[in-house]
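Open the model in your viewer and keep the selection tool ready. The tour goes from one selection to the next.

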Amino acid sequence: MSSEIIPDTRLLGSALAMAGTNERLRNAIFDALRDAEIASDNPAVFREQVRWPLILALLSLAETHRVVLQNGLMFDVSADSRIEKALLLSPEAHPDHIWEPQTTKLLTALAEDAANVIVGGAYIGDHVAFIARVARKVHAFEPSQHSFDRLLHHLRINNLTNVAAHRLGLWQTSGVALQLQGDLALGSSVPATDPTDAFHSISIDDYVRDFEVAPVDLIMLDTEGGEENALLGARETIARDSPNVVFEIHRNFVDWSGGLETTSIVSLLTSQGYDVFAIRDFHSNYPMANEPIELIPIDRVYLEGPPHGFNTLATKDANLIERLGLRIVKDVSPKLLLDRDPALHLPLSAS
């Protein structure tokens, strides 16, 4: 008489956690899950209901998974944020970016042989590492202690010695006590009410003056609503060096009901002679290697839909578009989305 073996499903989680501590086995399972998603009848459902829960279980003890990008950059990724989740769920074993593929390509091109690049909102180095590979000097600012520690870790394991990293927030004035409001990768700097959570601000002009940084060729800002404050603190630098500026603009922080071109942050730059464009991009890890970077003139951006944000480029370089092979498009959304009207939310270059 045979006895039926009833599996104890409670053992599955601990088994996956233990398996995840073996890097070679973890990589093999990650590869198998990636292939299974591609072969599944509904990849989107498989990704969220099968692949992602299994990844979380595999990382419950290991905590991080090392992703080696196509260019050799290494990132030890956790499940802390949507940026890292997207990388862990990348359709490629060795992607060419972490987050925002077109912005990454554009920043890398703009930073080529730049004397000095300033990055506000450096996070874990998702853009800083790419910039540091091609620029002469990078000045990175990240106020979150957790993200700052991981930024330093990624600079170290990638032997990026040309980055000066600072746990400070870029602001209009220096010495202001600030604190972060919101989740990792989405935290906004606001005046501090709790001194135990506070960090200090510094203006770009004060930093550039104090550390004799010249010239500044590129400023990149992703500070969740603090971008205008940072630019107001960079007026002397902008007037002196005319750097290219890449910054995020988000409806949660900027009222663009009268058109993007009338917003104070855009007006601040256009009044200084800049042309401003929205950058069309996926806010995810999605392969775009063969697609040209598409830019939308700031007064021809399709803005309908729920509150959203996107990156913009401000430049005084009249030859930049042609020199970098950028493509100007009009009356489309900067948000590239696979599940929306392709005429508005997919690259026009693909049609």
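Start with H3, which gives 5 residues to the lining of the largest pocket, the largest share. Helices (H or I, at least four residues) and strands (E, at least two) are DSSP runs, numbered from the N terminus. This is a predicted model, in which local features need pLDDT of at least 70 and side-chain atom pairs pLDDT 80 or more, while totals for chains, interfaces and linings use all residues. Residues are numbered from 1 along each chain as its sequence is written, and side-chain values use heavy atoms, with hydrogens and water left out.

Next, show the pocket itself, with a volume of about 890 Å³. Select Phe282, His283, Ser284, Asn285 and Leu337, which are the closest to its centre of the 36 lining residues. A pocket is an open set of points on a 1 Å grid over the protein atoms alone, where a 1.4 Å probe fits, with protein on both sides within 12 Å along at least five of seven lines; lining residues have an atom within 4 Å of a point. The volume is the space filled by probe spheres set on the points, which are joined across faces, edges and corners. Elements that give two or more residues to this lining are helix H2 (23–39), helix H3 (43–62), helix H4 (82–88) and strand E11 (244–250). Colour the lining by type: 14 residues are nonpolar, 10 polar and 12 charged. Here Ala, Val, Leu, Ile, Met, Phe, Trp, Tyr, Cys and Pro count as nonpolar, Asp, Glu, Lys and Arg as charged, and the others, Gly among them, as polar.

Now select H2 together with H3. How do they pack? The angle is about 170 degrees, and the axes are 10 Å apart. Axes are lines fitted to C-alpha atoms over the stretch in contact, and angles run from 0 to 180 degrees between N-to-C directions. H2 and H3 are therefore roughly antiparallel (an angle over 145 degrees). Their contact (heavy atoms within 4.5 Å) includes Phe30 and Leu33 of H2, and Phe46 and Leu54 of H3. By type, the contact residues are 11 nonpolar, no polar and 5 charged.

Leu16 and Met18 of H1 are among the contact residues, as are Leu58 and Leu61 of H3.

Last, go to Pro215, in the loop between helix H8 (204–210) and strand E10 (218–221). The peptide bond from Ala214 to Pro215 is cis, with omega near -10 degrees.

Conventions: Angles under 35 degrees count as roughly parallel, over 145 as roughly antiparallel, 65 to 115 as roughly perpendicular and the rest as oblique.
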